[in-house]
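Have a go at each task before reading its solution.

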Amino acid sequence: MTHLDDRTEPHSPLPEGASAQVATTDEIRIRTPEKVCGMGHPMKRKEDPRFIQGKGRYVDDVKLPGMLYMDIVRSPYAHAKIKKIDASAALAMDGVLAVITGEDLKAAGDLHWMPTLMSDTQMVLPIEKVAYYAQEICAVVATERYIAADAIEKVVVDYEPLEAVVDPHLALEDKVIVRDDKEKKTNHIWHWEAGDKAATDRVFAEAAHVIEQTMHIPRIHVSSIETCGMVANYSKVTEQMQIYMTSQAPHAHRTVFALVSGLPEQKIQIISPDIGGGFGGKVPVYPGYVCCAVASLVTGKPVKWIEDRSENLQADSFARDYHITAEMAADANGKITGLRVKTLADCGAADAAANPSKFPAGLYSICTGSYDMKAAHIAVDGVYTNKPPGGVAYRCSFRVTEAVHMIERMTDIMAHDLGEDPADFRLKNFIRPDQFPYKSPTGWEYDSGNYKAALDEAMKLIDYRALREEQAAKRERGELMGIGISSFTEVVGAGPSRDFDILGIKMFDSAEIRIHPTGKAIARFGTKSQGQGHETTYAQIVAEELGLPAADVQVEEGDTDTAPYGLGTYASRSTPTAGAAGAMAARKIKAKAKKIAAHLLEVGEEDLEWNVDKFQVKGSPDQAKTIQEIAFAAYTNHPQGMEAGLEATDYYDPPNLTFPFGSYICVVDIDSGTGEVHVRRFVAVDDCGNIINPLIVEGQIHGGLTQGLAPALFEEIVYDENGQNLTGTLADYLVPTAVESPKWETGRTITPSPHHPLGAKGVGESPTVGAPPAIVNAVVDAMWHLGVRHVEIPMTPQRIWAQLREHGVTD
Amino acid sequence: MKVSGEYTFDVAPEDVWKGLMDPDVLAATMPGCEKLELVGENQYEGELNIKVGPVQGKFTGRIELENINPPSSYDMKVDGQGAQGFVKATAHVAIAPNEGKTHMTYEGDAQIGGRIASVGQRLLDSSAKAIIKQSLAGLNGVLSAPAEDATASEGAAAALAPGSAAPSQTEFAAKVAKEVAKDLVPKPVWITILALLVLLALYFLLR
């Protein structure tokens, strides 16, 4: 039992074989007994007892003595000059204490503008004009929530409406300038390229087949169950600002608050309590947060601000909104040779995308996907429009959803055009297992993968060939049935400090573990769970490394006064970064534990070996000290000259990103009379490397698939030509529930990451990324014989019916 | 949003015209109208309480009449705003004699923004139709009241003397639901059933 000894050295160089091919299995690795519950055990979530009993504590549950309430006046226009704000009637109301305007914020030290995560600027409260519908105009502070809500209706704002520009293509004409505060009077924000243009053009010139397709990945919203909110509590006596906030990245937010407000960072404490879903929507800093903090600064009292549902849907950062034109080239043998992509990114009124600094289009250049090709070139342009700023990476590692949608659609169109089966076409074009680590034409180094194994497994689970026969028979009868595949590659775990930072802060993450004298532990992390189950997963990582039962490890996140500094949870980065930091911190503890064990057993360290939860003398396993005995000794009987205690901290800077992958197959039936799409079956085979908790992975996949079904069939934020939001409630913006969701069938392959300390890769976002193109491919597959090449999402019955009518199927 | 329709009054065009030009009569017959005053030549200012789905709020605005050809047609410009949003509309109204009665046609284009549009979007169309029809029926009731038994006419609920209360929210909600149902009539039976359910739900939600 010496298999873990190779892992006792902290920050040891990459394991041997890091640059060689990694074997794929379907067996989950379990090395600890059930009482320890290390990696691989389907441990029930430690956080669930409080969630399922309604005992979670969210920001809106925070009630402080003397707390005031804030509400926000929002613009009914997408683009308008503000001529006058008359708050006198609101201020005359009993219980209304203050109305904060842009002028007030300006006087307080130019707080009326704030930086975005992409180093653009965004209005907190406007002084001259509004640039999007539902933009914050001013904030009312009152003694009660309902008084604040009544008071915002008493604020009279005199607007002079301006023409709005909503379509990003029209915005490029610069007839209406969204941001006239900028020196350059243009709506064009940035241009970004990846790949080799000359090589790609050559490949296209030599190609036997070239296809082209435009597609729009529409604007959607994370619509988490809990909206955003804050309780800011500033004490004029201690000059401390305590903030409860729905934050996916509390440490980064503390630094941003310190830089923007000028408050000393040690006086700011951000507490992110339980969060009811984040999905990227709780990464940005919204104007409401700043107003709430200022309201507390001004009044010296705690102030609460909680968005309502419509505010959340209409004003918070959107996701996606990429207008894509893609071309794919193939040779005479049907081998993909190149990809050429032009994309317009509709950023809204500010580039507030949650992307690493160096990547204005995020990790979009992963768009060659799972396919080996000679060359690729991607050009993206960012554009301002009169719509709310964004965009966040909704359950997505920085634009990989858009990239996967595009490549999986293009692959399917090419297969159909060449008359090849989409599964066989993929198998022919996959990057082969022996090509890993694989250098992609746009510069990524994929760590490990076995795409054929995942697709084979999915085809086996769904009985692909039989489905094709069924489809042929149904087509004879005029019935519309389609089978769609998506064999995606994800890119997560941002990221290595050489390339990845947000506002200059490198994208490491951290863990701090303290073992108490009685052998129990507290482990704190720089990330922040929003439902991912970190309290369980991280405990299992510590259990795996140290043999402490996972039940004995208390996991804590979200309080910047106690947790080590980290960049937070999004982009499936928690397990790849903070999870790795947890393993590394545990290994530092183990190294010290070995010294203590040697002291206690009076042997040399080299005579000891690790066995699940104890160090034992080689050849004499009865002579052993458990981790609990060692912990007690660390406080009661530690070797002279050694520091007492048993704790360690690790800041983990990942050497590379991780590249989870999978193959999804979807079967749809289409009602040719109504255009309704019925997802009959959906098989998802995911490979996220080594699995820490299969139960949590399964849960993540179910949730993610449902959030992948959503944009494919239902969700889109719609604006009219004046920039008026037409989907401001959950009655208009359809979020799928169990009723709309099919039965998800899951499978797995396991191809460990060669560079992650636990071989894990991250899984939270794979299903959201992989599911939409599988569903679209199935729908198009059902109608290809009619002449349908592409359908835009969301594939509403109306949209499908229009296609069917155009192709003469229905009238 | 485009709005168009027609209506037949039981009285002669001259009487209809008089009613249309009288802010007091209009204020009494329009659901939710709290004030309508002549402030200049062919210019009115008023306050209207509008309820669309879950959104309710007071709108203050200005109405301007142009191209007036008594007693046959005029154009109308409406510009209103309130805490729940704004309305900007233009409309053309024409009336003509028809066998002793008066036939009215109207068509308009309204730009509606703010909460009332984003939250009440799906009910906007039906609400606008209901407001217009109820106003016209009310006007007809007032104009023809001396001549016939008010309770027998279709506009009975709104056939009120100038100065008395406008229709209640419940009555208005029922009208909106009726408009929703009307739009759905040509659809299959199950949709009609659905519409009835919507009507019921609205009635209970809004009363």
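**Exercise 1: a sheet and its helix**

In this predicted model, Lys614(A) sits opposite Thr626(A), which belongs to β29(A).

Task: Find out which strand pairs with β29(A) and in which sense, then work out the order of the sheet.

Solution: 
- Step 1. Look at strand β28 of chain A, residues 614–617: four bridges join β28(A) to β29(A), and the pairing is antiparallel.
- Step 2. The order is β27-β28-β29 in chain A, an open sheet of three strands with antiparallel pairing.
- Step 3. Look for strands that pair on one side only: these are the edge strands, β27 (608–611) and β29 (620–626) of chain A.

**Exercise 2: a β-α-β unit**

Task: Say what handedness the unit made by β12(A), helix α7 and β13(A) has, and sort the residues of β13(A) by face.

Solution: 
- Step 1. Start with the strands. β12 (residues 241–245) of chain A and β13(A) run parallel, joined by four bridges.
- Step 2. Pick out one pair: Tyr244(A) has Ile271(A) in β13(A) as its bridge partner.
- Step 3. Bring in helix α7 of chain A, residues 250–261. Together with β12(A) and β13(A), helix α7(A) makes a right-handed β-α-β unit.
- Step 4. Recall a handy rule: side chains in a regular strand alternate between the two faces of the sheet.
- Step 5. Now sort strand β13 of chain A, residues 268–271. Ile268(A) and Ile270(A) are on the covered face, while Gln269(A) and Ile271(A) are on the uncovered one.

**Exercise 3: domains and chains**

Task: How many residues of domain 1 of chain A are in contact with domain 2 of chain A, and how many residues does each chain give to the contact between chains A and B?

Solution: 
- Step 1. Count the contact: 11 residues of domain 1 of chain A meet 13 residues of domain 2 of chain A. The domain 1 side has three nonpolar, six polar and two charged residues.
- Step 2. Move on to the chains: 12 residues come from chain B and 12 residues from chain A. On chain B, the side touching chain A has four nonpolar, seven polar and one charged residues.

Definitions and conventions. Residues are numbered from 1 along each chain as its sequence is written. Chains are lettered from A and ligands numbered from 1 in the order in which they are written. This is a predicted model: local features need pLDDT of at least 70, side-chain atom pairs count only at pLDDT 80 or more; totals for chains, interfaces and linings use all residues. Two residues are in contact if their C-beta atoms, placed from the backbone, lie within 7 Å. Ala, Val, Leu, Ile, Met, Phe, Trp, Tyr, Cys and Pro count as nonpolar, Asp, Glu, Lys and Arg as charged, and the others, Gly among them, as polar. Two strands pair if DSSP finds at least two bridges between them. Helices (H or I, at least four residues) and strands (E, at least two) are DSSP runs, numbered from the N terminus. A residue is buried if 20 or more other C-beta atoms lie within 10 Å of its own, exposed if 12 or fewer, and partly exposed in between; C-beta atoms are placed from the backbone. A crossover is right-handed if, with the strands pointing away from the viewer, the path from the first strand over the helix to the second runs clockwise.
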